[in-house]
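Here's a look at how charged side chains pair up in one protein model. Have the sequence and the 3D view handy as you read.

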Amino acid sequence: MFHTYALENTAGKFYIGHTEDLERRLRQHNDSENKSHLGKFTHKNGPGTLVWSQASATRAEAMKREKQIKAWKSSKRIRNELLLR
């Protein structure tokens, strides 16, 4: 099982990603003790809170969904499409 997910930081910015192990990936995103696991977004924008996730049967499906959401580019659209539905 794979997951496409959205993190939101305190400024309302979103990070969109995909992973096979959602709990492990969230720990990595927010592990301020071990900065080597922090991605560019988390390092620059601070920790995020999981606000949305969707399971997929294959990595290809999860990646396709991630790409679709990232193409929206707007925090407002991400919020409207994912969180307010």
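Is Glu20 buried, partly exposed or exposed? With a relative accessibility of 48%, Glu20 counts as partly exposed. For these labels, buried means under 20% relative accessible area, exposed means over 50%, and partly exposed is in between (1.4 Å probe, protein chains only).

## Before you start

This is a predicted model, where local features need pLDDT of at least 70 and side-chain atom pairs count only at pLDDT 80 or more, while totals for chains, interfaces and linings use all residues. Residues are numbered from 1 along each chain as its sequence is written, and side-chain values use heavy atoms, with hydrogens and water left out.

## Salt bridges in the model

Side chains of opposite charge can pair when their charged atoms come close. A salt bridge here is a side-chain nitrogen of Lys or Arg within 4 Å of a carboxyl oxygen of Asp or Glu. Searching the whole structure turns up five of them.

## Glu20 and its partner

Back to Glu20: its side chain forms a salt bridge with that of Arg59, at 3.9 Å from N to O. Arg59 sits in helix α3 (residues 59-72) and Glu20 in the loop between β2 (14-19) and α1 (22-30), so this pair ties together parts that are 39 residues apart in sequence. Helices (H or I, at least four residues) and strands (E, at least two) are DSSP runs, numbered from the N terminus. Arg59 is partly exposed too, at 37% relative accessibility.

Arg79 belongs to helix α4 (residues 75-83) and Glu8 to strand β1 (residues 2-8), so the parts they tie together are 71 residues apart in sequence. Glu8 is buried, with a relative accessible area of 18%, whereas Arg79 is partly exposed at 28%.

## A pair within one helix

Helix α4 also holds Glu81 and Arg77, four residues apart and separated by about one helical turn. Their side chains meet in a salt bridge at 3.7 Å, N to O. Glu81 is partly exposed, with a relative accessible area of 24%, and Arg77 is partly exposed at 39%.

## One more residue in α3

Take a look at Glu61, which is found in helix α3. Glu61 is partly exposed, with a relative accessible area of 41%. Glu61 and Thr4 are 57 residues apart in sequence and 8.9 Å apart in space, C-alpha to C-alpha.
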